[in-house]
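Student: Hi! I have a new structure to look at and could use a guide. Can we go through it together?

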Amino acid sequence: MGAVRPSVGGVRRRAVPERVSPGDLVQIATDVGPVPMNVGALLTLGPGADPATTAALVAERLHRVPRLRQRLVDPPPGLGRPYWVDADRVPAVPVVELAGRRLVDVTTDAVVRPLDLRRPPWRAVVVADDGRAVGVVVVVHHVLADGVSGLAVLRGLVDEGAARGRTDRVPSPDASAAPSTLDLLLDVWRERGGALRDARRTVGRWRDARGELGRRTGRAPRCSLCAPTGPRRRAGSVEADLAPLRSATRRHGASVNDALVVAATGAMRAVLAARGEDVERLVVSVPVSGRPAADGDALGNQVGVIPVAAPVHGSTQERLAAVAGTTRAGRRAGRGASAAVVGPAFRALAAVGAFRAVVDRQRLVNTFLTNLVGPTDVLHLAGARVEGLLPLTVTAGNVGVAFAALSYAGRLTVVAITDPDVVPELDVLLRALDRELAAVAALP
């Protein structure tokens, strides 16, 4: 990035900085709801971490990631997608006091506060209580990272990762220089020429996208959990041992992700039953990453979706078998391929100002479920043990509850995120979620 390219027609051209991908552009275009398109994580710390020392360490390690030292520039119309340039300043990492609040509430508040895309789009805070660091919250705008690449950022924070880490990347002297209009225009033409050359591959990608999206699940059923949401969010979590869940799902030809779909929809059914409502099924949108892993040099978004229509009546075993059959069919397609269909559709709606109106009334899904495979070994930060990792995602539109799961050191943490004005029964939801996970783990 920033290198001077060979001359064309006697004119020396400066290389255009890296542009956001089409998948990243979707995250910018659809950031129109009452909550921003942010994702976050909470690292809970055991004893031994000093707040100021931890904050300085987190800042130093985050600033090593090249993308976290950059900001977005939006070029004039017709000159292509936004691009990344080096920022004059990078965010500081403050220390905040817990002050009697729950750690998950501090994290949720940090996630629902908008980030300025004219600056590096992330924030981090160290949470202190009684003179020691008890947690670290990291929030990034979705344009910067999806779940898999967000894990790469977290890996760069921990002590073990730092011991194996890279040295700082020093930008070239002209890395921050703005490209000219001609540079941007030539870059657009070059990209369009590449798209024409790859037309055959694009057709195959659309075929894979249809396979990943699967057969039509039909309209998602109407229920009171699906209503236009506002700017507030509340979160809570449950934990389960990963090994029994993994063993039980394998015995039944399913996956842990299938078990999470069963548990999430079962918990939603419990809340609906308490409200006197009944549905036959619930439709879950399950993200599918286009890559198994990422590092700090390859952030951004490579994600598709599989819509899963999950029955909510019948035995746990019957529901798990039905979900496993649906997800198995979707996984036969290329990973993340459905972004080729979903992305352009969302961007088109956003371009005409209709995206928020559509998602406030959509009948495609009832909830979202994100599942990430985290570190298998115990991690440490600033000399303290990382006791837990909690993922947080927020959704807009008429999805009143969403779920995010992350495995870490043999434990699976599942976070439920709700709009408390639409779903005030968070405690009921969490108790039911815990029961459902235990029922899957106990399958014979």
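Student: How do α8 and α13 pack, at what angle?

Tutor: Helix α8 (residues 242-251) and α13 pack at an angle of about 55°, and their axes lie 8 Å apart. Axes here are lines fitted to C-alpha atoms, for helices over the stretch in contact, and angles run from 0 to 180 degrees between N-to-C directions. Helices and strands are DSSP runs numbered from the N terminus (helices H or I, at least four residues; strands E, at least two).

Student: What does that angle make α8 relative to α13?

Tutor: It makes α8 oblique to α13. Angles under 35 degrees count as roughly parallel, over 145 as roughly antiparallel, 65 to 115 as roughly perpendicular, and the rest as oblique.

Student: Which residues meet there?

Tutor: From α8, Pro244, Leu245, Ala248, Thr249 and Arg251 meet Leu437, Val440 and Ala441 in α13. Contact means heavy atoms within 4.5 Å.

Student: Before we go on, where does the model come from, and how are residues numbered?

Tutor: This is a predicted model, in which local features need pLDDT of at least 70, side-chain atom pairs count only at pLDDT 80 or more, and totals for chains, interfaces and linings use all residues. Residues are numbered from 1 along each chain as its sequence is written, and side-chain values use heavy atoms, with hydrogens and water left out.

Student: Good to know. How many helices and strands are there?

Tutor: The protein has 13 helices and 16 strands. Of its 444 residues, 51% are buried. Buried means under 20% relative accessible area, exposed means over 50%, and partly exposed is in between (1.4 Å probe, protein chains only).

Student: Which residues have the most contacts inside the largest nonpolar core?

Tutor: They are Leu260, Val261, Phe403, Leu412, Val414, Leu429 and Leu437, in a core of 48 residues. Helix α9 (residues 256-274) gives the largest share of this core, eleven residues. A nonpolar core is a set of buried Ala, Val, Leu, Ile, Met, Phe, Trp, Tyr and Cys residues joined through side-chain atoms within 4.5 Å.

Student: What does Val414 touch?

Tutor: Leaving out residues up to four places away in sequence, Val414 touches Gly236, Ser237, Val238, Leu260, Ala404, Ala405, Leu433 and Leu437. There is also a second, separate core of 35 residues, which includes Val58, Val65, Val93 and Val386.

Student: Back to α9. At what angle do α9 and α13 pack?

Tutor: The angle between α9 and helix α13 (residues 426-441) is about 140°, and their axes are 8 Å apart. That makes α9 oblique to α13. Among the α9 residues that meet α13 are Leu260, Ala263 and Ala267, and the α13 residues there include Leu429, Leu433 and Leu437.

Student: New topic: is α3 mostly covered or mostly open?

Tutor: Helix α3 (residues 103-112) is mostly covered, with eight of its ten residues buried. Those buried include Leu103, Val106 and Val111. Their cover includes β3 (38-45), β7 (122-129), β9 (234-241) and β14.

Student: What about Thr393, buried or exposed?

Tutor: Thr393 sits in strand β14 (residues 384-393). Thr393 is buried because its relative accessible area is 18%. Not counting residues up to four places away in sequence, Thr393 touches Asn38, Val39, Ala404 and Ile417.

Student: And Ala152, where is that found?

Tutor: Ala152 is in helix α4 (residues 147-155). With a relative accessible area of 9%, Ala152 is buried. Ala152 and Val65 are 87 residues apart in sequence, yet 9.7 Å apart in space, C-alpha to C-alpha.

Student: Last one. What is the phi of Asp130 near?

Tutor: Phi of Asp130 is near 55°, a positive value in a residue other than glycine. Most residues other than glycine have a negative phi. Asp130 lies in the loop between β7 and β8, and counts as exposed because its relative accessibility is 75%.

Student: What about Ala409, where is that one?

Tutor: Ala409 is in the loop between β15 (401-408) and β16 (411-418). Phi of Ala409 is near 50°, a positive value too. At 29% relative accessibility, Ala409 counts as partly exposed.
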